Each structure stands twice: as C-alpha cells, then as structure tokens.
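User: Hi! Could you walk me through this one?
Analyst: Happy to, here it is.
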Amino acid sequence: MNRPTLSNPHTRAPDLAGVGQCTLVGAGPGDPELLTIKALKAIQAATVLLVDDLVSDAIVAHASPTARVVYVGKRGGCKSTPQAFIEKLMLMAVSEGENVVRLKGGDPFIFGRGGEEVEHLRAAGVAVTVINGITAGLAGMTSLGVPLTHREHAHGVVFITGHARPGGQATNWRQLAATAHDAQLTLVVYMGVSGAAHIQHELLTGLPAHTPVAVIQHASLPQQRHAITTLGALQSTIEAEQLASPSVIVVGDVLQGLAAASAAGHYSPRSASA
C-alpha cells in the first residue's frame, strides 16, 4: 500500500501555514480485532499514515485507499528510521494540511516514544490527540489466560524495557528484583530477549530460581509462540525454543498455575493464541 512520499523534510522547515492535525494511534499488539473503535475511526479518516514496523498489514488495510502510507520502521537491532526524521515528516505533513495519523504498535505511551513526539509537536505549535492501544504485555498474558495482577500473587505490575538507551543509565535489575519480591510485583520486560542472560543473572539476586516466567513472541497474532519456564532456566529456554523479537518476558507468581499445568503436561509450551 505504498503511496507517493511526502515533501522532503530536508528541503525546508514547515511553517504550519496550512496546518492540519495529528493523532498518535495505538495499533495494539497486532490483531486488528483488538483495535479500539476510536483508533479504527482515526485510521479510516487519515490522509497520511506514518506506520511503525510492528503494525500488521491487516490493520493498515483499514486506511482509506487514497491515504498516503509511509513506513517508518523502528526495531531494535534492525535498520531504523531516525526519530528526528519521523518528527520532521509529521510536521511537514501537518503543515501541508494533512490529517496525520502516527500509527504505533501497542500503546503510544508505553515504549513507543509517544512522549517524545508529543513534546516535539506541541513545541512546534501543533495540537496532538493520543488514542491508546492494548500493549503487548497485557495482550500476551491474556492470550494465556493469566492476569498481570492477582490478589494472592501480585499486588502490582511493572512495565520495563530490557533495552537501555545508548549512553543512558542502565536498569538496576538487582534493585528491581528485590522490590518485586518484597512488594509482590509482576515484571513485564519489553525488548529483553537479546539481553536475557544478563537480566536473568541480575534478577536471580533477588528472586528465587523457581519463579515462573513466560516468554511470548508475536503476542495476539496467528504466529504467536510462547514458552513457560522458570527464571533459572530463562536463557536456556529462549535458546532451546528459538524465541526472538518481538517478545515480552513476564516474570512473577501470577504464572504459578500455568507453570504447574505446563509441568504436568496439561498445557503445551508452544501452543499459539486462539
């Protein structure tokens, strides 16, 4: 669904003379049936869509046939469109009077750089609307029939990235493990597969090796795969099952029932979502 590209943002600075509008839309984890009604309406009304790499074709198919669709993929370890370039594209399209939708996988405000984009647009005088989407950590656990919180097992949940910004402060996994143990928290780690060995080593300083873990790849999509394991076997399970990005790693006692069923052979560790 390729359309002509927008005016080259390197050629001139937008003056917003024909100012349009911009909406950051959460496309959810991939299953188009998990889109909100508000998100669907925004996609259908857009004249320009700037689409993230993890947004499924089935979701983009809801766009108007006259809309310009520009793919601005951003994935760890892969060639990505620079963030500054994406922000310039957004401003350029708004200045041309377009109805711009920045279509982002999951939720725009959960590891989607939505905060950066809102700040940039508002600084340029552009009003921005944000439409939430279901994040992969929630969708993945729901597909397994497991909650993220539970009155007996988890009093809260922490969403955290396993991929620190280059030059930024690294996550203190040891402190997080101690807090998760003391406060009974579920940990949902995004972009953590490549650093799973380090994360496992650090979390084991504060959490027992038998703590149940789920690794869920392609949450909500037909090709979803997952493995149920323990914190002590996290890295070896990822290698054995050949799990890769995009995946979420969920650590916590909310998985006790599923882990027991899996160990007893009543639940396939590779079964896909329904």
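User: Where is Met191 found?
Analyst: Met191 sits in the loop between β7 (185–190) and α7 (196–203); helices (H or I, at least four residues) and strands (E, at least two) are DSSP runs, numbered from the N terminus. This is a predicted model, where local features need pLDDT of at least 70, side-chain atom pairs count only at pLDDT 80 or more, and totals for chains, interfaces and linings use all residues. Residues are numbered from 1 along each chain as its sequence is written, and side-chain values use heavy atoms, leaving out hydrogens and water.

User: Is Met191 buried or partly exposed?
Analyst: Partly exposed, because its relative accessible area is 38%. Buried means under 20%, exposed over 50%, and partly exposed in between (1.4 Å probe, protein chains only).

User: OK, new topic: how many aromatic pairs are there?
Analyst: Two, counting rings of Phe, Tyr and Trp (its six-membered ring) with centres within 6.5 Å; planes under 30 degrees apart are stacked, over 60 edge-to-face, the rest tilted. The ring centres of Phe111 and Tyr190 are 5.1 Å apart with planes at 55°, so that pair is tilted.

User: Why does that pair tie together parts 79 residues apart in sequence?
Analyst: Because Phe111 lies in the loop between β4 (99–104) and α4 (114–123), while Tyr190 is in strand β7. Tyr190 counts as buried, at 9% relative accessibility.

User: And what's the geometry of Phe159 and Tyr190?
Analyst: Also a tilted pair, 6.1 Å centre to centre with 55° between the planes. Phe159 is in strand β6 (residues 156–161), 31 residues from Tyr190. Ring pairs link Phe111, Phe159 and Tyr190 into a cluster.
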